[in-house]
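User: I have a model open and want to go through it piece by piece. Can you take my questions as they come?

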Amino acid sequence: MGGPDFAVEVASKHDRTWDKLDFYAAVQTRELLVIDRDPWKLSLLRLENGQLVAVGVSVLPEGKPITSAVLPVTLKLTPRENLVPMIEVQHQQDGRRWNVDPVIHGR
């Protein structure tokens, strides 16, 4: 049946998020968003010629937006004073915005 069109991985210290790219490519995941937390970074990878390749990165302080080809959204890191950054998701067609707090409680 194939993999997801869009997947999200939250990278944690000592996990194997970046080692799973071949798996995601093998099941034909069209896009993968990796959220790194040390330091904070959003990385968007897209399936091209059977491999997941980096197509965009959002890091602080500039929080440059990255655009999905699968979902009609852009994503970027947005700084917050004395807090972890937010992930801002903006709809490409109507401009609606959502802020996602990437904190995983208890970790």
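User: Thr29, buried or exposed?
Analyst: Thr29 is buried, since its relative accessible area is 0%. Buried means under 20% relative accessible area, exposed over 50%, and partly exposed in between, with a 1.4 Å probe and protein chains only. This is a predicted model, where local features need pLDDT of at least 70, side-chain atom pairs count only at pLDDT 80 or more, and totals for chains, interfaces and linings use all residues. Residues are numbered from 1 along each chain as its sequence is written, and side-chain values use heavy atoms, with hydrogens and water left out.

User: Where does Thr29 sit, and what does it touch?
Analyst: Thr29 is in the loop between H1 and S2. Not counting residues up to four places away in sequence, Thr29 touches Gly3, Pro4, Asp5, Ala7, Tyr24, Leu47 and Leu52. Contact means heavy atoms within 4.5 Å. Helices (H or I, at least four residues) and strands (E, at least two) are DSSP runs, numbered from the N terminus.

User: Moving to S1. Which way do its side chains point?
Analyst: The side chains alternate along S1, residues 6-10.

User: How is S1 joined to S2?
Analyst: Five bridges join S1 to S2 (residues 31-37), and these strands run parallel. The chain gets from S1 to S2 through helix H1 (residues 21-26), a β-α-β crossover that is right-handed. Right-handed means that, with the strands pointing away from the viewer, the path from the first strand over the helix to the second runs clockwise. Phe6 stands opposite Glu31 in S2, and Glu9 stands opposite Val34 in S2.

User: What sheet is S1 in?
Analyst: S1 is in an open sheet of four strands, in the order S1-S2-S3-S4, with mixed pairing. Two strands pair if DSSP finds at least two bridges between them. S1 and S4 (51-59) are at the edges, each with a single partner strand, so one side of each is left without a neighbour in the sheet. The twist averages 20° from one strand to the next, where axes are lines fitted to C-alpha atoms, for helices over the stretch in contact, and angles run from 0 to 180 degrees between N-to-C directions.

User: How do S3 and S4 pair?
Analyst: S3 (residues 40-48) and S4 are antiparallel, with eight bridges. Lys41 stands opposite Val59 in S4. S3 and S4 form a hairpin with two residues between them, and Asn49 in the turn has a positive phi of about 50°.

User: Now S5 to S8. What order?
Analyst: The four strands form an open sheet in the order S5-S6-S7-S8, and the pairing is antiparallel. S5 (66-67) and S8 (97-100) are the edges; each has a single partner strand, so one side of each lacks a neighbour in the sheet. S6 (residues 73-80) and S7 (residues 83-91) are joined by seven bridges, and Lys76 has Glu88 in S7 as its bridge partner.

User: What does Gln92 touch?
Analyst: Gln92, in the loop between S7 and S8, touches Thr67, Ser68, Leu71, Pro72, Val73 and Thr74, not counting residues up to four places away in sequence. Gln92 counts as partly exposed, because its relative accessibility is 41%.

User: Last one: what is the mean pLDDT?
Analyst: The mean pLDDT of the protein chain is 92, and 95% of its residues reach 70 or more. pLDDT is the predictor's confidence in each residue, from 0 to 100. Among the elements, S7 has the lowest mean pLDDT (93) and S5 the highest (98).
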